[in-house]
Amino acid sequence: MLAGIGAAALLVGGFALGPAAFGDAAPGKHPAAEIHKPSPVPDRIILTPTDTPATSQRVTWRAEATAEWAQAEILESPKALGQVAPPTGALTNVKALSTTPVNTSLGYASTYHTVEFTSLKPDTRYTYRVGDGTNWSEWIDFTTAASDFEPFSFIYYGDAQNYIDTAVPRVFRQAFADRPKAKAIVNAGDLIDSANSEEQWGQWFQAGSFIDGQINNISIPGNHEYSGGSVSSFWAPQFPYPKNGPAWGDNPAIDRTAYYVDYQGVRFIGLNSNVQSVPEVMAAQTAWLEGLLENNPNKWTVVTFHHPVYSTASGRNNPIIRDQWGPLFEEYGVDLVLQGHDHTYGRGSTVASRKSATVHASTVYAVSVSGGKMYDVSGDNWTGNGADIMSSSEDTQLYQLIDVSDDTIRYEARYANGQHHDGVLIRKNEDGERTVNEIRTPQNTTGEQAQVNKTLVPAEGRVQVTAYGYDPGEKVTVYLRNTKAEEDKNGVFVGYKNADELGRLTYSFALPPSAKKGSTHVVYLDSANQQITSPVITVTK
Ligand SMILES: [Fe+2]
């Protein structure tokens, strides 16, 4: 009975929502100038890191306010506000460092203000608000970086660029829902489509909403942040990044667009790939990059720029980027290279670093897209230039969650609906050796994944087997299995060995006397996480 009422109500609801129920004249499109016009009340509030993220923090916002009055208040995060006044003396008032009006095509200027909070305590939660002393934002919390290594998470997005007000917000919000305590958001360029569009920047900030006020933003520009050879007039006022780029002041083309931040044990390097065809600027940037990689006190290194080393869209190629930066990433052991531009997804590493069917030992290159514009995927530019593309997709909106810990970086790409798409676990030991392990699936933990040093072995001769993809210290049982034996039989027990700290296994043994001349065998490695075999070994004499 109840079910019947429910169905009827839905049906009525269906009619009520049909097109015939609406009026004759459709409403007009609400103008962008109305949607995005500024007021004295702050909006577009965003955190950008300083050179010293453990003790200082920049906040930028937009508001109709004069330089004289633009200001912020900050205190160590209180248990309550509202009716509860901040403790006496707890509140610090900070005057804006800069106020920059950006003229827009919508008939008004958008004025950006930046404050820098200094003398903060490391790894401490603060609460702040911005405004003009009368018109304030809400109170917003952030936590400073720890002064040394501490595990943390960050989020990475490829191009948002299109459908910013329709398809992008759900991606940003799902990422935040999955990693609400992320310390940074990395944008690999093309945040918007038209460099100087006030409307699109307004949409981009609305998509990020309150999230940008509490998580540091590490963005670099793509080609769509450029117009007529110049970076967007919104760029520097919105993203006042540290002045630590190459030849600061000499290359206005890359001001605020190439910089680095050492954050809690990770060196983040932002590069400007838009200048790849300007040799002298590119040379300055490449030399600066090498210096940062050579003298890097951090265990982990993440580099982001727009145009990929290995392109994931058909017909695209960035040989200058690949030739100048690719070898540096490999030589200095960069862990993650996060890119955009191709409106597809690709993730892989160099062929030279391949250790097994699924495990590599080098830099992880990723290309991703968060927005709704899609291209056809192609792995040709990877395979044609010495790289394995281990995962790819098209027509997928994605966000990436990256969890940094002492010994591992876990990287995972998820779809807009929150489902898993792809992932790797990067392990690094104290010597800087790495393994890049695919996140385990039933497919990559069974089958012929182990290697042997020879496949023709004399009776009772020695064989060395190697395999990857284990947990550190995982116990592996080694068997020699006659190929004529039934699949479900383990074979002859040979020995035990524990995988090392990077999940590698190397085990050397003599063939047991039962392996007679002319017989054929596989090495079978059994452990908690994988059941894998080697190619066939033939006993020769
Ligand atoms: Fe692009």
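**Helix packing, sheets and domains in the predicted model**

Helix 6 (residues 279-294) packs against helix 7 (residues 319-331) with axes 10 Å apart and an angle of about 15 degrees. Helices here are DSSP runs of H or I with at least four residues, strands are runs of E with at least two, and both are numbered from the N terminus. The axes are lines fitted to C-alpha atoms, for helices over the stretch in contact, and angles run from 0 to 180 degrees between N-to-C directions.

The model is predicted: local features need pLDDT of at least 70, side-chain atom pairs count only at pLDDT 80 or more, and totals for chains, interfaces and linings use all residues. Residue numbers start from 1 along each chain as its sequence is written.

Which residues make the contact between these two helices? Helix 6 supplies Met 282, Thr 286, Leu 289, Glu 290 and Leu 293, while helix 7 brings Ile 320, Gln 324, Trp 325 and Leu 328. Residues are in contact if their C-beta atoms, placed from the backbone, lie within 7 Å. Sorted by class, this contact has six nonpolar, two polar and one charged residues. Ala, Val, Leu, Ile, Met, Phe, Trp, Tyr, Cys and Pro count as nonpolar, Asp, Glu, Lys and Arg as charged, and the others, Gly among them, as polar.

Turning to the sheets, seven strands form an open, mixed sheet in the order 14-15-16-17-19-18-20, where pairing requires at least two DSSP bridges between two strands. Strand 14 (259-263) and strand 20 (387-393) are the edge strands, each pairing on one side only. On average, neighbouring strands of this sheet are turned by 15 degrees against each other, direction ignored. Within it, strand 16 (residues 300-304) pairs with strand 17 (residues 336-339) in the parallel sense over three bridges, and Val 302 has Leu 336 of strand 17 as its bridge partner.

Another open sheet, of three strands, has the order 26-28-31 with antiparallel pairing. Strand 28 (residues 462-467) and strand 31 are joined by six bridges in the antiparallel sense, with Gln 464 opposite Ser 508 of strand 31.

At the level of the whole chain, the domain assignment gives domain 1 (41-147), domain 2 (148-438) and domain 3 (446-539), with bounds taken from an automatic or database assignment. The contact between domain 2 and domain 3 takes ten residues from domain 2 and nine from domain 3.
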